[in-house]
Amino acid sequence: MSITSIQFVILGVSAFVLAGLLTWPVRALAIKLSVMDLPNMERKTQKEPVPYLGGVAIALSIIIVTYGAIYYSDNTKTNFPLITYALLPAAVLGLMGLIDDIKGLPALPRLIAQTVVAILVAIFMLNAELNPMPSANQLLNNVITIIWIVAICNSINFFDNLDGGAAGTVAVSTFGIALIAANQGQELITALACVTCGATVGFLLWNKSPAKIYMGDAGALFLGVLVAVLTIRLDPGISPQINSLAILPILLAVPILDTCIVVFSRIRRGISPFTGGKDHLSHRLMRKGISKTNTAFCLWGMQASFVGIALVVYFYSTTLGTPGVVLAGLYWLGAFVWFWRIPSSD
């Protein structure tokens, strides 16, 4: 199988168009069913009810375009299971998120479900010899994989607290993943990253400030698992290996930063990390007087700068690889300190 650059672009554009089109009827359905995010809590930033279920449009777009492309490929028997191991767990957790959007679920059952799905993904990747983790200890590789999937899944879910924030950031991250995977000849990873990027940008047309629809937990959990698996499967293949591994968190640096800030600040204040609040990066930026729209641009810009560093580390690994990793680490720590000093509440 060989996918051309034009075909990768077609996949991304197809997902973009489909997500943009599907979001309209999904939004209408959410309004009809009264699946709305109501401004009835202190932590809510919107003034009017906003429909959920945007994640359904994102998931359907990615699934339809991906399997449609596989159907027309010349290697369906091989591609179908390889793609399914990424999309099936994402769909399972997306379905759980959909139930949470409609009825509401406690934090513990959601965490248990995420862990079970992560364990199943790790076992499948081990059996299919798809886990590129460096340790010779398979148990350690599985533990790292499980922690990574659960952590990124929750990071994307936590980060979905601002109009366009999560969708735009995932689009930037998957664009970076696609560039590295394409250069490495990882065609399936490239294709799925392009489709995910296109779908999130298509949804962003509806989700940018002022948002007409939210992706909800259905979208955040679906994208969280998908992005986690994409990064696990991405193999930059540069030396030293520590730099190759460092690229993965750099590609998701801003959602990880948001999660760390939120979790540590809540623990410091003696409250549960799963308790909602206005202590995310977006809230802190707006507390500085930045508008909601410009806050989204700031977060997208931060993520784009980290992705840019990841690309420098990859493409110039022999000369700028290690300095790039060090720069990314210092940049992340500096951002952490800066955000940490902004009050967690009004």
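**Note on the predicted model: ring pairs, core, pocket and backbone**

1. The structure holds 10 aromatic pairs, where rings of Phe, Tyr and Trp (its six-membered ring) pair if their centres lie within 6.5 Å, and planes under 30 degrees apart count as stacked, over 60 as edge-to-face and the rest as tilted. This is a predicted model, in which local features need pLDDT of at least 70 and side-chain atom pairs count only at pLDDT 80 or more, while totals for chains, interfaces and linings use all residues. Residues are numbered from 1 along each chain as its sequence is written, and side-chain values use heavy atoms, with hydrogens and water left out.

2. Tyrosine 52 and tyrosine 214 form a tilted aromatic pair, with 6.4 Å from centre to centre and 55° between the planes. Tyrosine 52 lies in the loop between strand 2 (50-51) and helix 2, and tyrosine 214 in the loop between helix 7 and helix 8 (216-233), so the pair ties together parts that are 162 residues apart in sequence. Here helices (H or I, at least four residues) and strands (E, at least two) are DSSP runs, numbered from the N terminus. Both tyrosine 52 and tyrosine 214 are buried, a word that means under 20% relative accessible area, with exposed meaning over 50% and partly exposed in between (1.4 Å probe, protein chains only).

3. Phenylalanine 306 and tyrosine 331 form a stacked aromatic pair, at 4.3 Å centre to centre and with 10° between the planes. This pair links distant parts of the chain, since phenylalanine 306 belongs to helix 12 (residues 292-315) and tyrosine 331 to helix 13 (residues 317-340), 25 residues apart. Phenylalanine 306 is buried, with a relative accessible area of 1%, whereas tyrosine 331 is partly exposed, with a relative accessible area of 29%. Elsewhere, ring pairs link Phe264, Trp332, Phe336 and Trp340 into a cluster.

4. The largest nonpolar core has 102 residues, and those with the most contacts inside it are Ile62, Leu226, Leu257 and Phe339; such a core is a set of buried Ala, Val, Leu, Ile, Met, Phe, Trp, Tyr and Cys residues joined through side-chain atoms within 4.5 Å. Leaving aside its neighbours within four places in sequence, isoleucine 62 is in contact with Leu87, Leu192, Val195, Thr196, Ala199, Phe222, Leu223 and Leu226, contact meaning heavy atoms within 4.5 Å. In soluble globular proteins, nonpolar side chains tend to be buried together.

5. In helix 9 (residues 241-250), the residues Asn243, Ser244, Ala246, Ile247, Leu248 and Ile250 are buried. The buried residues of helix 9 pack against helix 5 (138-159), helix 6 (165-183), helix 8, helix 10 (253-268), helix 12 and helix 13.

6. The second largest pocket has a volume of about 350 Å³. On a 1 Å grid over the protein atoms alone, a cavity is a set of points where a 1.4 Å probe fits but cannot get out, and a pocket is an open set with protein on both sides within 12 Å along at least five of seven lines, while lining residues have an atom within 4 Å of a point. Grid points are joined across faces, edges and corners, and a volume is the space filled by probe spheres set on the points. The lining of the second largest pocket is made of 20 residues, of which Ile3, Leu11, Ala69, Ile70 and Ser73 lie nearest its centre. Helix 1 (5-32), helix 2 (54-71), helix 3 (76-102) and helix 7 (187-207) are the elements that give two or more residues to this lining.

7. Leucine 11 has its place in helix 1 and is buried, with a relative accessible area of 14%. Not counting residues up to four places away in sequence, leucine 11 touches Val65, Ala69, Ala191 and Val195.

8. Some backbone angles deserve a look. The peptide bond from serine 209 to proline 210 is cis, with omega near -5°, and proline 210 is found in the loop between helix 7 and helix 8. The peptide bond from serine 239 to proline 240 is cis, also with omega near -5°, and proline 240 is in the loop between helix 8 and helix 9. Leucine 53, in the loop between strand 2 and helix 2, has a phi near 80°, a positive value in a residue other than glycine, and at 5% relative accessibility leucine 53 counts as buried.
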